[in-house]
Amino acid sequence: MASKSGLDDATKGKLLLIALAFCWGLAWPALRIALDELSPWATRWFGYSIGAAALAVLLKLQGRSFYIPFGRNWLHIIAAGMLNVVAFGVFGTLAQLNTATTRVIIINYSMPIWSSMLAWLILRERPNAWIAAGLALCIAGLAVLVYPVAATSLGEPTGLILAFLCSVSWAAGTIYMKIVRFDGDLIAVTMWQVVVGASVFALLYLIMQGPPVFETLQLRTWLGLAYAGLFGTAAAYFIWYNIIGKVSTATASLGTLANPVVGVVGSVLILGERMTVADIVGFALIFAAAACVLLQPRQRAIDTGTPT
């Protein structure tokens, strides 16, 4: 049905998917810019704090409830926040300090494969031929990325391992979110998970660096933090939940595949990173692997989640 603006839900959903690709994809180079001046703990603390505050404003503007019933709901929020926000943030940020952001993005978007594998192990959802093909392509892509790096440097594989752990943590969080049931608004649940993440990173900052020392930061650092918080976290989650129900599962899945493309291209243009032949081949294989999982017939792509 067409809205007052003349656009039907499907068209609005597709436009939102384009916006989502830029929100999530460009958040990676934005974070890398902030890391030039700030520690991983400060970067994620400030970024998640901005994101949580922005989500709170969006909830208020729409008249939605912040309230989450006490009891098991909060235990689930904390557990999911530790996987989806804290572990993801720690591994992803440290990975960017140890290898190129393009490689972190490429490996991170192997997440649908690990989500499918965990669903097999935990939820007893047997993998089909599409998932098996995706797993084979993903392993081949990871091998292409890791072999030349491991053959030339002892330190560089650290970043790739951290990126892999980042992907697995998000997949684990996705499976956890499928197992439990939350009482309350999904965006409010997400906001509180981000609050959990911001609180943990504030504590990590105090442990690692002591009391905050306020120093003048470059404008580019503030812009990187603002983009990661406002767009990479708040706007991205808000858009994602508004896409659900507006487009088909296949369209939503195809749209999420644009995220790593935007992220990789953005890292090349913004950060000046150069992709090697191995990076390009690995990217193609892992992209194909994710496509196998996300675009398989009758696949519930909304359930796979999308990392940032």
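Partly exposed describes a residue whose relative accessible area lies between the buried limit of under 20% and the exposed limit of over 50%. The legends below refer to a predicted model.

**Figure 1. Tyr176 in helix H7.** Apart from its neighbours within four places in sequence, Tyr176 is in contact with Leu75, His76, Ala79, Ala80 and Leu83. Ala119 lies 57 residues from Tyr176 along the chain, and the C-alpha atoms of these two residues are separated by 9.7 Å.

**Figure 2. Packing of helix H3 on helix H7.** Helix H3 covers residues 72-98 and helix H7 covers residues 157-179. Their axes come within 8 Å and cross at roughly 165°. Angles over 145 degrees count as roughly antiparallel, so H3 is roughly antiparallel to H7. The crossing of the two helices, H3 and H7, is left-handed. Sorted by class, the residues of the contact of H3 with H7 are 17 nonpolar and nine polar, with no charged residues.

**Figure 3. Packing of helix H2 on helix H9.** The view shows H2, residues 40-61, and H9, residues 219-243, with axes 8 Å apart and an angle of about 45°. At this angle H2 is oblique to H9. The crossing of H2 and H9 is right-handed. On the H2 side, the contact is made by Thr43, Phe46, Gly47, Tyr48, Ile50, Gly51, Ala54, Leu55 and Leu58. H9 contributes Leu225, Ala226, Gly229, Leu230, Thr233, Ala234 and Phe238. In the contact of H2 with H9 there are 11 nonpolar and five polar residues, and no charged ones.

**Figure 4. Helix H12, residues 277-294.** H12 has 18 residues, and the distance from its first C-alpha to its last is 26 Å, close to the 26 Å expected at 1.5 Å a residue. Buried residues of H12 include Ala278, Asp279, Gly282, Phe283, Ile286 and Ala289. The run Ala290, Ala291, Cys292, Val293 and Leu294 is also buried.

**Figure 5. The chain as a whole, for orientation.** The secondary structure comes to 12 helices and zero strands. Of the 308 residues in the chain, 51% are buried. Among contacts between residues at least 6 apart in sequence, 88% join residues at least 24 apart.

Notes
Residues numbered from 1 in each chain as written. Predicted model: local features only at pLDDT ≥ 70, side-chain atom pairs only at ≥ 80, totals over all residues. Heavy atoms only, no water. Axes fitted to C-alpha atoms, helices over the stretch in contact; angles between N-to-C directions. Helix = DSSP H or I, 4+ residues; strand = E, 2+ residues; numbered from the N terminus. Parallel < 35°, antiparallel > 145°, perpendicular 65-115°, else oblique. Left-handed = near helix turned anticlockwise from the far one by under 90°. Contact = heavy atoms within 4.5 Å. Nonpolar A, V, L, I, M, F, W, Y, C, P; charged D, E, K, R; others polar. Expected span 1.5 Å × (residues − 1). Buried < 20%, exposed > 50% of the residue type's maximum accessible area, 1.4 Å probe, protein only.
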